[in-house]
Amino acid sequence: MKNTLSSPRNIRLAALAVAAVTAAPLLASCSSSSSGSKDPLAAPKAKSGTVVVGSNNFPESILIGDIYGEALKAKGITVSYKPNIGTRETTYKMLQNGSVTVLPEYNGALLAYLDKTATPATVDATATAITAKLDSKLTILNPAPAEDKDSVTVNAATAAKYHLTADSTIADLAKHGDEITFGGSPEFKNRQQGLLGLKSVYGLTPKSYKTLDVGGPLTEAALKNDNVQAADIFSTDVTIAQEKWVSLKDPKNLFGFENVLPLVSKTGLQQNGVDALNAVSAKLTTEALLDMNAQVQNDKKDPLAVAQAWLKSAGLA
């Protein structure tokens with residue numbers, strides 16, 4: 001089995017999967033329907049003519065699964081849901097055995113699962129590398145602009161002090177590195193896709209580094225309280241907007257690519273379904289995903305209702 005924890009993002013997804021165990025039954029009950037099987041891999045194959053949309057066991061995956069499913073329904077396709085299944089190891093096998101037809105994925109994390117040594121330089125190269133390693137029964141569709149990935153994020157006070165905006169890059173912060181404390185996980189400190197790369201790629205060497213968690217509550221609290229001025233925060237974290245933090249651009253792609261995209265069964269999805277999901281990808285941005293995550297996680301809205309509202313606003317309902 002490939003190592004699925006080869007990047008900070010994959011470690012974070014594993015942590016989210018554990019954290020979602022308590023909240024998952026609530027999300028599953030208000031969003032589509034539960035898979036209802038104690039052993040997901042024992043689930044029957046999808047019925048002929050029915051597209052089964054699955055999702056991993058964290059809120060964003062469930063939300064995107066609802067977006068995919070409702071977009072397919074809007075085209076007259078019969079859909080059933082298997083939300084909150086589990087980790088990538090389980091969901092990938094369910095696609096292989098035909099019990100799931102469509103699954104929300106992230107291109108970089110999927111490639112790391114399939115080939116931990118791959119280091120593609122572009123989104124297209126990432127897709128090519130994935131396709132080379134995928135089970136022959138599966139394929140990926142178009143990636144969305146939306147990403148959920150590591151980001152260097154500064155708090156509002158730091159942004160104001162150094163005149164950093166959403167158009168600023170990590171290189172702009174590097175000019176002030178000797179004045180800031182950076183926060184992140186133990187792994188981030190010693191990884192190329194972390195502190196080592198920030199120095200070698202952008203020349204960012206912070207005054208000090210504070211070891212916290214993987215973009216979680218410890219990191220968020222430290223950034224909020226100005227115990228650190230910059231931190232590794234994931235790009236669809238709803239706290240960024242709440243606290244008016246600024247995520248800096250990564251034009252040299254230090255953190256790779258984590259575009260949202262559908263992973264699908266070649267035989268289980270007809271062309272009208274492919275077209276419907278590619279239309280979703282064409283309009284799904286990181287900003288839209290951030291807003292929908294906030295509605296679900298902060299405002300406690302039903303993910304299915306949030307998905308339906310976004311599809312309507314995007315002209316896809």
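This briefing describes the fold, the packing and selected residues of one protein chain.

The model is predicted: local features require a pLDDT of at least 70, side-chain atom pairs count only at pLDDT 80 or more, and totals for chains, interfaces and linings use all residues. Residues are numbered from 1 along each chain as its sequence is written, and side-chain values use heavy atoms, with hydrogens and water left out. The chain's secondary structure comes to 14 helices and ten strands; helices (H or I, at least four residues) and strands (E, at least two) are DSSP runs, numbered from the N terminus. Of the 317 residues in the chain, 56% are buried, where buried means under 20% relative accessible area, exposed over 50%, and partly exposed in between (1.4 Å probe, protein chains only). Among contacts (heavy atoms within 4.5 Å) between residues at least 6 apart in sequence, 78% join residues at least 24 apart.

**Strands and sheets**

- Strands of a sheet pair through backbone hydrogen bonds, in either a parallel or an antiparallel manner.
- Five strands form an open sheet in the order β7-β6-β8-β5-β9, with mixed pairing; two strands are taken to pair if DSSP finds at least two bridges between them.
- The edges of this sheet are β7 (208-211) and β9 (246-247), each with a single partner strand, so one side of each is left without a neighbour in the sheet.
- Strand β5 (residues 150-154) runs antiparallel to β9 and is joined to β9 by two bridges, and the bridge partner of V154 in β9 is V246.
- Helix α10 (residues 217-224) lies across β5, β6 (181-184) and β8 (230-234), and runs at about 140 degrees to β8. Such angles run from 0 to 180 degrees between N-to-C directions, and axes are lines fitted to C-alpha atoms, for helices over the stretch in contact.
- Strand β3 (residues 102-106) and strand β10 (residues 260-265) pair in the antiparallel sense over five bridges; E105 has L261 as its bridge partner in β10.
- β3 is mostly covered, with five of its five residues buried. V102, P104 and Y106 point one way from β3, while L103 and E105 point the other way.

**Nonpolar cores**

- The largest nonpolar core has 37 residues, of which L72, V102, V260, L269 and W310 touch the most other members. A nonpolar core is a set of buried Ala, Val, Leu, Ile, Met, Phe, Trp, Tyr and Cys residues joined through side-chain atoms within 4.5 Å.
- Two or more residues of this core come from each of β1 (50-54), α2 (59-73), β2 (78-82), β3, β10, α12 (271-283), α13 (286-297) and α14 (303-313). The element that gives the most is α2, with six residues.
- Apart from this core lies another, of 21 residues, among them L173, F188, L204 and A230.
- Leaving aside residues up to four places away in sequence, W310 touches I67, V280, K283, L284, A288, M292 and L316.

**Helix pairs**

- The axes of α13 and α14 come within 9 Å and cross at roughly 145 degrees, and the crossing is right-handed. A crossing is left-handed if the near helix is turned anticlockwise from the far one by less than a right angle, and right-handed if clockwise.
- In this pair, A288, M292, Q295 and V296 of α13 meet P303, V306 and W310 of α14. The residues of the contact divide into six nonpolar, one polar and no charged; Ala, Val, Leu, Ile, Met, Phe, Trp, Tyr, Cys and Pro count as nonpolar, Asp, Glu, Lys and Arg as charged, and the others, Gly among them, as polar.
- Helix α4 (residues 107-114) and helix α5 (residues 123-133) pack at an angle of about 35 degrees, their axes 9 Å apart, in a left-handed crossing.
- Here N107, G108, L110, L111 and L114 of α4 meet V123, T126, A129, I130 and K133 of α5. By class, this contact has six nonpolar, three polar and one charged residues.

**Two partly exposed residues**

- A129 lies in helix α5 and counts as partly exposed, at 21% relative accessibility. Its C-alpha atom is separated by 9.2 Å from that of T119, ten residues apart along the chain.
- N142 is found in the loop between β4 (138-140) and β5, and counts as partly exposed at 42% relative accessibility.
- Beyond residues up to four places away in sequence, N142 touches V260, L261, P262, N278 and S281. The C-alpha atoms of N142 and N259, which are 117 residues apart along the chain, are separated by 9.6 Å.
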